[in-house]
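Please read the following note beside the sequence and the 3D view. It takes up a few points in turn, from the whole chain down to single residues.

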Amino acid sequence: MNDGFKIVGIKETGQKAEAKKQKWYADKPVIAAVLLGILVLCCLGCKFIMTKDPTYMDLGNCSKAPNSEFLFGTDTMGRDIFSMIWYGGRISLFIGVAATVISTVIAIVYGAVSGTAPGWVDTCLMRLTEILLSVPNLLLVILLQAILGKANVFSLSLVIGITSWTSIAKVVRTEVRQIRSSEYVIAARCMGGGFFYVLWKHLTPNSISSIMFMVVMNVRSAIVAESTLSFIGIGLPLEVISWGSMLSLSEKALMTKAWWIIMIPGVFLVATLLCITSIGNYIRKNVNRTHSNL
């Protein structure tokens with residue numbers, strides 16, 4: 001009597017589990033995260049893997065092609081590019097992270113003020129944000145850096161940070177306007193909670209998931225900005241080693257056909273940016289999926 005029936009529950013469950021497992025690997029940027037982690041760890045622990053002093057100018061070995069002594073070759077001043085990559089990566093990553101922290105703090109406070117302020121104040125603040133968004137960010141960075149004078153790591157981080165908060169602020173303002181009338185926010189205010197208490201305890205935690213994509217992408221944008229400024233000669237000076245300042249030697253490298261001086265720092269820079277972009281896109285998809293489920 002049971003010949004016409006077939007038990008499929010266990011098999012289907014196994015198939016679903018296998019499909020979910022495959023989807024987990026397909027969705028998550030595992031390779032990007034691992035590669036970025038390796039790059040960051042190598043940059044932070046550069047003193048353990050550097051083969052030479054990255055600041056030493058060996059004038060007898062200028063523009064040497066990659067070989068057994070100089071794994072990535074030397075630049076036009078005789079500095080070892082292999083050691084410079086890991087040593088300079090710390091500066092580029094620091095500028096990216098520091099500028100992002102500054103811009104995120106400004107954006108959260110500004111967006112929260114705009115989202116909780118009366119209508120006319122909110123309108124004025126948003127008009128100012130739109131005006132700043134209409135101006136190319138690189139021009140603002142160049143203008144502010146010219147005012148501050150000679151560029152250094154901290155001035156570049158500050159300038160890039162205070163010019164890249166506008167997009168995040170608009171998202172924070174939207175999120176705050178949606179949750180400002182929530183019961184827990186009203187209860188916190190009734191119990192005497194000030195603006196910054198409510199901002200830290202309630203508004204920021206509920207907004208952070210929506211802005212994480214933009215925060216991650218701001219790290220990428222800050223690294224690109226530093227590299228661009230150094231490339232055009234108004235960023236970090238040559239004695240301060242970063243991926244951007246290494247690329248600033250491109251003109252001399254092209255004249256001497258020393259391709260490794262441009263290509264190797266460029267490959268590391270592009271690989272880092274692609275990893276950050278991949279992780280940022282994954283966060284954006286997760287946020288969009290969460291919002292659509294709600």
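1. Overall fold. The structure is a predicted model. The chain comprises 13 helices and 0 strands, and its pattern along the sequence is accordingly α-α-α-α-α-α-α-α-α-α-α-α-α. Of its 294 residues, 42% count as buried. Among contacts between residues at least 6 apart in sequence, 69% join residues at least 24 apart.

2. Helix α8. This helix covers residues 166–179, which is 14 residues. From first C-alpha to last, α8 reaches 20 Å, close to the 20 Å expected at 1.5 Å a residue. Which residues of α8 are buried? They are T166, I168, A169, V172, E175, V176 and I179.

3. Cysteines. How many disulfides are there in the model? The count comes to 0. C46 is buried, with a relative accessible area of 3%. C275 is likewise buried, at a relative accessible area of 5%.

4. Residue D80. This residue is located in the loop between α3 (46–49) and α4 (81–116). What is the nearest side chain of opposite charge to D80? It is K52, 6.7 Å away. D80 is buried yet has no salt bridge, because such a bridge needs a side-chain nitrogen of Lys or Arg within 4 Å of a carboxyl oxygen of Asp or Glu. Leaving aside residues up to four places away in sequence, D80 touches T51, K52, F70, L71, G73 and T74.

5. Residue S134. Is S134 buried or exposed? It is exposed, because its relative accessible area is 57% and the cut-off for exposed is over 50%. S134 belongs to helix α5 (residues 119–134). A polar atom of the S134 side chain lies 2.5 Å from the backbone oxygen of I131.

How values were computed
Residues numbered from 1 in each chain as written. Predicted model: local features only at pLDDT ≥ 70, side-chain atom pairs only at ≥ 80, totals over all residues. Heavy atoms only, no water. Helix = DSSP H or I, 4+ residues; strand = E, 2+ residues; numbered from the N terminus. Buried < 20%, exposed > 50% of the residue type's maximum accessible area, 1.4 Å probe, protein only. Lys, Arg positive; Asp, Glu negative; His and termini not counted. Contact = heavy atoms within 4.5 Å. Disulfide = S-S within 2.5 Å. Expected span 1.5 Å × (residues − 1). Polar contact = N/O pair within 3.5 Å; in protein donor to acceptor, adjacent residues only side chain to side chain.
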